[in-house]
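Let's take a walk through a protein fold together. Keep the picture open beside you as you read.

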Amino acid sequence: MPRNPLAAVFGKYAMEATVAVAEHVTPTMRRVRLETDRPVDFPYTPGQHVRIQLKDPLSVAGIMRPADTLRTYTIWELSPNRRALELRIHLYDGDGIGLEWARAVRPGDRVTFWWPQGDFFTREADFHVFVGDETAGAAFGPMIAGLDGSAAVFGVLESEGPEHDLPMPGDPPLRRVHRHGAPAASSRVLLAAVAELDLPGDAGAAYVAGEARTCQMVRDHLVRERGWPRTSIKVKPFWAPGKRGLH
């Protein structure tokens, strides 16, 4: 019998797991590995996310504000036997139930999560461009790993400093840039690096993620300065100053 009442009601869409690993991979990024009670049988495309239940949805507060019981995290890796999945969770400055859980989660903790969702994944293209900050790396890693080995990959990943650079599977040829104290919101550092990219043309697909205003600036650059059609650019704002739950 499922231990979680919501999993009992919506068992087709929810699964339970045990935290097997919870450790830092950078000063502001944690690796969390979940081992599931049964194989994950939901369809999954690299770049999709799961929703983790952090508060009781059947409580008065949960019924009044159900969105405040869940937080969204991109699947970094789904094991070949589909009995474990890994997350990379950015520990930003601030508070909230997602940040509180990410800081405190430990091996042995029980977790209920909802099936993979989202449409932020790669598409067929002559080449692929990935642009984003620390929060984007958690999605870009599995998206790039899921590409064919012959795929042409370009892009920029920004972080506060080299120690915050998230290791990426396969070490793709992405330029790393660092803010060194400059604002992450409306990042001129990231925009300048994108402007310097030497790209083959406008027949590619771009994936832009991270802070909302920065994403908009990068998209506008690709459209106005590079002549890219908007339909070739997929934007995923993960955060904005003072706002939560943009995933």
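Helices (H or I, at least four residues) and strands (E, at least two) are DSSP runs, numbered from the N terminus. What you're looking at is a predicted model, where local features need pLDDT of at least 70 and side-chain atom pairs count only at pLDDT 80 or more, while totals for chains, interfaces and linings use all residues. Residues are numbered from 1 along each chain as its sequence is written, and side-chain values use heavy atoms, with hydrogens and water left out.

Now find strand 7 (residues 128–132): five bridges join it to strand 10, and the two run parallel. Look for G132, which sits opposite A209 in strand 10. Strand 10 also pairs in the parallel sense with strand 11 (residues 233–239), this time over six bridges. There, Y207 faces K234 in strand 11. To get from strand 10 to strand 11, the chain passes through helix 6 (residues 212–224), and this β-α-β crossover is right-handed (with the strands pointing away from you, the path from the first strand over the helix to the second runs clockwise).

Let's zoom out. Five strands make an open sheet, in the order 9-8-7-10-11, with parallel pairing. Strand 9 (175–178) and strand 11 are at the edges with a single partner strand each, so one side of each has no neighbour in the sheet. How covered is strand 10 (residues 205–211)? Seven of its seven residues are buried, where buried means under 20% relative accessible area, exposed over 50% and partly exposed in between (1.4 Å probe, protein chains only).

Next come the charged side chains. A salt bridge is a side-chain nitrogen of Lys or Arg within 4 Å of a carboxyl oxygen of Asp or Glu, and by this rule the count comes to 14. One of them joins R179 and E158, with the closest N and O atoms 2.9 Å apart. R179 is in the loop between strand 9 and helix 5, E158 is in strand 8, and they're 21 residues apart. Are these two buried or exposed? R179 counts as buried at 10% relative accessibility, and E158 is buried too, at 2%.

Another salt bridge links E196 and R175, with the closest N and O atoms 2.6 Å apart. Here E196 is exposed, at 54% relative accessible area, whereas R175 is partly exposed, at 39%.

How values were computed. Two strands pair if DSSP finds at least two bridges between them.
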